[in-house]
Amino acid sequence: MRDRSTRRHRLSLKSQLSSRASTDLHTYLDHNATTPVRPEAAEAVARALAQYGNASSVHRFGRLIRHVVDGAREDVAALVDTAPANIIFTSGGTEANNQALMGHDGPVLVSAVEHDSVREVRADATIIPVDANGITCGETLDRLLWDAGGGSLVSVMLANNETGVLQPIREIFAVARAHGAVVHCDAVQAAGKMAIAFDDLGADVLSLSAHKFGGPPGIGALVVRDGFDPELLLRGGGQERRRRAGTENVPGIAGFGAAACAAKAGIAKFGRLGALRDNMEARLRDAVSDIVIHGGDAPRLPNTSCLGLPGLASEIQVMQLDLAGIAVSAGSACSSGKVASSHVLRAMGCENETARSAIRVSLGWSTEPRDVVRFIDAWIAMAQRRDGKAEKRRSVA
Ligand code: PLP
């Protein structure tokens with residue numbers, strides 16, 4: 001029995017290693033779905049796994065683990081320029097968003113382009129419309145807040161996961177604050193990709209997730225302003241200053257801290273990805289005149305490009321690019337597998353058919369210029385095959 005299970009283990013390890021080898025041949029341009037773990041973060045996770053003890057224990061083992069958690073808390077706080085006491089570790093961005101919205105007693109308003117982990121928390125939420133670039137308008141929000149009456153909560157993301165579009169967040173939050181609303185910001189896609197100063201943003205609470213900038217998955221944080229008491233989501237323990245119950249995920253927290261530190265140090269380099277992305281879009285536009293670049297006229301994260309190739313469904317494009325050794329996604333990875341078109345693109349006024357031909361290309365900390373060149377060649381070849389097929393159909397008709 002034991003032999004068989006050992007053999008199974010060896011076989012599965014072998015297949016994992018061979019799939020790792022083929023992954024190395026792949027060009028990974030899906031960093032908004034998740035990122036490769038940075039070496040610094042992997043090392044920190046491994047170091048933390050080699051230690052043990054409960055951070056709540058007063059003995060030596062507990063104190064050493066507490067030290068790891070406190071160090072990571074400082075690094076995560078530094079990433080968003082706030083005090084360590086404002087960081088509450090959670091199991092990721094989804095939990096942080098749920099905690100921010102779930103227990104609010106009063107009207108909730110969320111922008112139409114929010115991630116599902118915001119959109120689906122409150123069935124009673126009022127949707128704040130966006131314009132053709134995916135931008136929330138302060139005047140519209142003002143009107144909706146007058147209609148809602150007092151005691152509202154407003155949730156608007158900093159950067160969109162599908163298009164990379166950045167919201168004029170200070171302006172929007174100023175409107176919300178003028179109505180005395182509680183303000184939540186989902187900064188899951190923005191953190192580690194651009195400088196964020198939480199204390200200047202005008203938000204009461206902000207969500208973060210480690211795996212979007214080189215940390216491990218399954219760890220994130222809710223950042224809260226001094227004096228702001230978030231509603232509890234998980235009860236039954238005094239951890240995180242009684243703001244989130246449950247024994248801390250210490251390896252995850254250690255990896256989060258190391259990734260935050262590396263991302264902060266690399267923020268200027270990350271910004272330079274914008275030139276690579278812009279050059280890529282220019283070359284694609286030159287080659288294919290009917291390309292659609294969703295949100296292309298708005299300020300965006302430097303790493304994201306949402307590209308429409310009319311007449312070719314997103315799923316087909318993702319498969320064809322995968323065969324060419326390139327990993328991208330059809331809209332948001334969290335919604336891939338669904339056949340429905342992206343709610344983000346529909347909110348931007350996109351026809352269903354156009355929205356269904358969009359793919360998301362997202363670069364990241366490990367992207368090299370040659371990855372982008374491979375993508376450009378494969379994407380143009382795909383567009384030419386589309387044109388060839390259309391031409392053939394026309395000549396048969
Ligand atoms: N918010 C945004 C904007 C996201 O893109 C995601 C994940 O894709 C989440 C929240 C959820 O984060 P997590 O995967 O850590 O639960």
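**A walk through the predicted model**

R122 is buried, at a relative accessible area of 12%. The model is a predicted one. Side chains of opposite charge can pair when their charged atoms come close. R122 counts as buried because its 12% relative accessible area falls under the 20% cut-off.

How many salt bridges does the structure hold? The count is 13. One of them joins R225 to D204, side chain to side chain, at 2.6 Å from N to O. This pair links distant parts of the chain, 21 residues apart. R225 sits in the loop between β8 (220–224) and α9 (239–242). D204 sits in the loop between α8 (198–201) and β7 (205–209). D204 is buried, with 2%.

Another salt bridge pairs R277 with D278, at 2.8 Å between N and O. D278 is partly exposed, at 41% relative accessible area. Elsewhere, salt bridges with shared partners tie R66, D70 and E248 into one network.

Now turn to the strands. Strands of a sheet pair through backbone hydrogen bonds, either parallel or antiparallel. Strand β3 covers residues 108–111. Three bridges join β3 to β5 (residues 153–155), and the two run parallel. In that pairing, V110 stands opposite S155 of β5. Strand β4 (residues 126–128) is also joined to β3 by three bridges, and this pairing too is parallel. There, L109 faces T126 of β4 across the pairing.

Which way do the side chains of β3 point? V108 and V110 go one way. L109 and S111 go the other. In a regular strand the side chains alternate between the two faces of the sheet. All four of these β3 residues are buried.

An open sheet of three strands has the order β9-β10-β12, paired antiparallel. Its edge strands are β9 (292–293) and β12 (358–362), each of which pairs on one side only. Strand β10 spans residues 304–308, and five bridges join β10 to β12. Among the partners across this pairing, S305 has V361 of β12 as its bridge partner.

Follow the chain past β12. T367 lies in the loop between β12 and α16 (369–396). T367 is buried, at 11% relative accessible area. Where sequence and space part ways, this residue gives an example: T367 and Y28 are 339 residues apart in sequence. Their C-alpha atoms are 7.7 Å apart in space.

Next comes S117, in helix α5 (residues 116–119). S117 is buried, with 8% relative accessibility. Which side chains does the side chain of S117 contact? N97 is one of them: the polar contact between the two side chains is 3.0 Å. H115 is another, with a side-chain to side-chain polar contact of 2.7 Å.

Of the 15 residues around the ligand, the nearest are G93, T94, D186, S209 and K212. From T94, an N or O atom of the side chain is 2.6 Å from an oxygen atom of the ligand. From K212, a side-chain N or O atom is 2.6 Å from an oxygen atom of the ligand. On its own, the ligand has 390 Å² of accessible area, and the protein covers 90% of that.

What is the shell around the ligand made of? The shell holds three nonpolar, 10 polar and two charged residues. Helix α4 (residues 93–102) gives the largest share of the shell, three residues.

Notes. Residues numbered from 1 in each chain as written. Predicted model: local features only at pLDDT ≥ 70, side-chain atom pairs only at ≥ 80, totals over all residues. Heavy atoms only, no water. Buried < 20%, exposed > 50% of the residue type's maximum accessible area, 1.4 Å probe, protein only. Helix = DSSP H or I, 4+ residues; strand = E, 2+ residues; numbered from the N terminus. Pairing = 2+ DSSP bridges. Near = heavy atom within 4 Å. Polar contact = N/O pair within 3.5 Å; in protein donor to acceptor, adjacent residues only side chain to side chain. Areas by Shrake-Rupley, 256 points an atom, 1.4 Å probe, with all protein chains shown as cover. Nonpolar A, V, L, I, M, F, W, Y, C, P; charged D, E, K, R; others polar. Salt bridge = Lys/Arg side-chain N within 4 Å of Asp/Glu carboxyl O.
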